[in-house]
Amino acid sequence: MLSGCSYNSEISGEMTAKSNKKKDVYIITKSTTSAFFQSVYSGANAASSAYNMNLIFEGPENEEDYEAQNEMILEAAKNGCEAIILSAADYHASTEIVNKVAKEGIDVIIIDSDIDSDLVKCRIGTDNYNAGCMAGEALLQGSGGTLNVGIVNFDENTANGQEREWGFRDTMEKNARVLSLETINVRSTVDDAKEGTKQLLAIHPEINAIVTFNEWTSLGVGYAIQELGLKDAVQVVAFDSNLVSVGMQETGYVDALVVQNPYAMGYLGVETAYKLLNGYILDNENIDTSTMIVTRETMYTEESQKMLFVFE
């Protein structure tokens, strides 16, 4: 597991000694304000210090703004960057731009959210299909009765959200206790997720369980459950952690969190950029970072605390 300052790269000393010249690496994420992407930055910043890299961290104001991301990618190339670490807002809409800069010799590394390109040098992040399966298993373990399930997902064009839903649905559809599955897609904001959740529950009042797949939608679902007074009626499995979502878990508005390792994504992204720029052959072009389920019963264990509260 790679979490917070506990990680020490076995190769950092060897690699750093090879070159003292800083190289520019851009990390372009779907957002710069969420706790998730702030943790990505913390990991990337730690790696940039270890490997003597010049790190530029950018992202659009909202997670669906692929046009802003495309402009950032082109600007990074124009500024002479040597590697781009990207969490793609849209699986298809940035493919042409990424292929263009890759053909110009810029190493592109994907973290968190994938893109439809064969020119990416490495993909680092959660096994999203498996994480969706984990969410399904957590939901089944948390309830003994029949389930009418609502899915509050974010943009349909974002790869990680769709992969998580596929894994979740495959897990649910195999179980006879699951009577129905209803999906609503919302913008990846707290307010849109809250209103979408309320809308879904109004149309389908039989829903007694909800799953949602990222930090902002998790908060929106939690707030909706709180405002509707449904914490004892609707089981919630959500993704990611920050102080608010952990508080929601403590108070019963969220029952389980699927917690990823964004710090590792950032650190390994920069480490991989260093390897590529210095002629190392990658051991693996697909790196799976750790993911775990945290429930109210397990949230105070040392292992859970390390995942919930990443520190520098």
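Predicted model: local features only at pLDDT ≥ 70, side-chain atom pairs only at ≥ 80, totals over all residues.

**Aromatic pairs**

Modeller: A pair of aromatic rings is described by the distance of the centres and the angle of the planes. For F168 and F213 the centres are 6.2 Å apart and the planes stand at 70° to each other, an edge-to-face arrangement. Since F168 belongs to helix α6 (residues 159-173), while F213 sits in the loop between β8 (209-212) and α8, the pair ties together parts that are 45 residues apart in sequence.

A search of the whole structure finds six aromatic pairs, and another one of them is formed by Y51 and Y274, whose rings are tilted, with 5.1 Å from centre to centre and 35° between the planes. This pair links distant parts of the chain, as Y51 lies in the loop between α2 (35-50) and β2 (53-58) and Y274 in helix α10 (residues 262-277), 223 residues apart. Y51, at 0% relative accessibility, is buried, and Y274, with a relative accessible area of 2%, is buried too. Y51 and Y274 also belong to a cluster, in which ring pairs link them with Y267.

Technical notes. Residues numbered from 1 in each chain as written. Heavy atoms only, no water. Phe/Tyr/Trp six-rings, centres within 6.5 Å; stacked < 30°, edge-to-face > 60°. Helix = DSSP H or I, 4+ residues; strand = E, 2+ residues; numbered from the N terminus. Buried < 20%, exposed > 50% of the residue type's maximum accessible area, 1.4 Å probe, protein only.
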